[in-house]
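Hi everyone, and thanks for coming.

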Amino acid sequence: MKSGLVGRAHSTCGCRNPQKVEIDYRCMTVPSPYRTIAVATTFSPRFKQVLAEAKRIRDRFSSDLHLIYVGDRNEETSKTFNDALAQMQLPAESPIHYENGDPAQAILSVVDRHKIDMVIAGALEKEVVFHPFLGNVARRLVREAACAVMLFTHPDVKPKPLRQIVFVADHSEHALHALKKTLRLASAESCERLYVIRIITAFDKARASIRADAGDEKSETKDEEEDALERFVLSAGATEVPIETRCIRGNTGLAASDFVQSVKADLLVVPMPRNDGAIQQLPSNIGWITDVIPCNLWVIR
């Protein structure tokens, strides 16, 4: 497995075709990609921990924070929210959206109605050996939400820095925009290493070979695949975040899950196209994220 280190700003990158990287200070004035962020809750035992994580993300993106509560509004729920907002030093007037019904559907309805740009929630249902599994609500948010979704496996009232981040690349225009958003968060978190990976499974290789035989496209060699990934990263522009590129090869996409755990990633970022509320069938090489979640997850739509 070859890896390429795409270096810091003001230095020469570690690609085989070195390019000078300059800081573009105009990026500091780019508007936030997330105007509204909502945290979803049913007052689970981890309510304040998830709220603290949402506050951290809200601060990173200079967003307005909304709260979604699945249940009735009454004196008790109002007091719980008021106390939590005061404890987290969040605006007392933060909008709170009350919705009844199935928790996942209630959250999705609020997200659509109020045009929320990102929804944040807890993720875990259970853990088996070293593989945590998504809960049903989190799974539906990943598949059906029309906005970005960020799930926290072990939220903390004092959020831990996101030092190691893994980004799944597919060379699309959407993925490039998603990488730029990731770089913004990674920079704010003083990320120590951002791994940009391309997942190549046996199925991907077979499909590429069939297309090459049919004359639709040329089958890439390993070196060409790795060069393409490095060019993709460089096209995102200047950054001070240390970036390492990796092509992850395996029989299934779970090889990528194993890689995420091996580098002790704090956040996995997966770009996905917007789906307008329909159940989304994920590509086979990342389909595992709707069940197994190796760390905190950010789905960017």
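Let's start at one residue, Thr 41: leaving aside its neighbours within four places in sequence, Thr 41 is in contact with Phe 47, Ile 68, Tyr 69, Val 70 and Phe 81, where contact means heavy atoms within 4.5 Å. Thr 41 belongs to strand 2, residues 36–41. Is Thr 41 buried or exposed? With a relative accessibility of 7%, Thr 41 counts as buried; buried means under 20% relative accessible area, exposed means over 50%, and partly exposed is in between, using a 1.4 Å probe and protein chains only.

A word on where this comes from. This is a predicted model, in which local features need pLDDT of at least 70, side-chain atom pairs count only at pLDDT 80 or more, and totals for chains, interfaces and linings use all residues. Residues are numbered from 1 along each chain as its sequence is written, and side-chain values use heavy atoms, with hydrogens and water left out.

Now the overall picture. The chain has 8 helices and 13 strands; these are DSSP runs, with helices being H or I of at least four residues and strands E of at least two, numbered from the N terminus. Of its 301 residues, 49% count as buried. Take the contacts between residues at least 6 apart in sequence: 80% of them join residues at least 24 apart.

Next, helix 1 (residues 47–61) and helix 2 (residues 75–87). They pack at an angle of about 45°, and their axes are 11 Å apart. Axes here are lines fitted to C-alpha atoms, for helices over the stretch in contact, and angles run from 0 to 180 degrees between N-to-C directions. The two helices are therefore oblique to each other: under 35 degrees would be roughly parallel, over 145 roughly antiparallel, 65 to 115 roughly perpendicular, and the rest is oblique. Which residues meet there? From helix 1 we have Phe 47, Lys 48 and Leu 51, and from helix 2 Thr 80, Phe 81, Ala 84 and Gln 87.

On to helix 3 (residues 103–113) and helix 4 (residues 136–144), which pack at about 40° with axes 9 Å apart. On the helix 3 side the contact uses Pro 103, Ala 104, Gln 105, Ile 107 and Leu 108, and on the helix 4 side Val 137, Arg 140, Leu 141 and Glu 144. The buried residues of helix 3 are Ala 104, Ala 106, Ile 107, Leu 108, Val 110 and Val 111. They pack against strand 2, strand 3 (64–70), strand 4 (96–99), strand 5 (118–122) and helix 4.

How many disulfides does the structure hold? The number is 0, with a disulfide being a pair of cysteine sulfur atoms within 2.5 Å. Cys 147 is buried at a relative accessible area of 2%, and Cys 295 is buried too, at 6%.

Finally, some backbone details. Most residues other than glycine have a negative phi. Ser 190, however, has a positive phi near 50°; Ser 190 sits in the loop between helix 5 (173–188) and strand 10 (193–201) and is partly exposed at 48%. Lys 264 also has a positive phi, about 55°. Lys 264 lies in the loop between helix 8 (254–262) and strand 12 (267–271), and at 65% relative accessibility Lys 264 counts as exposed.
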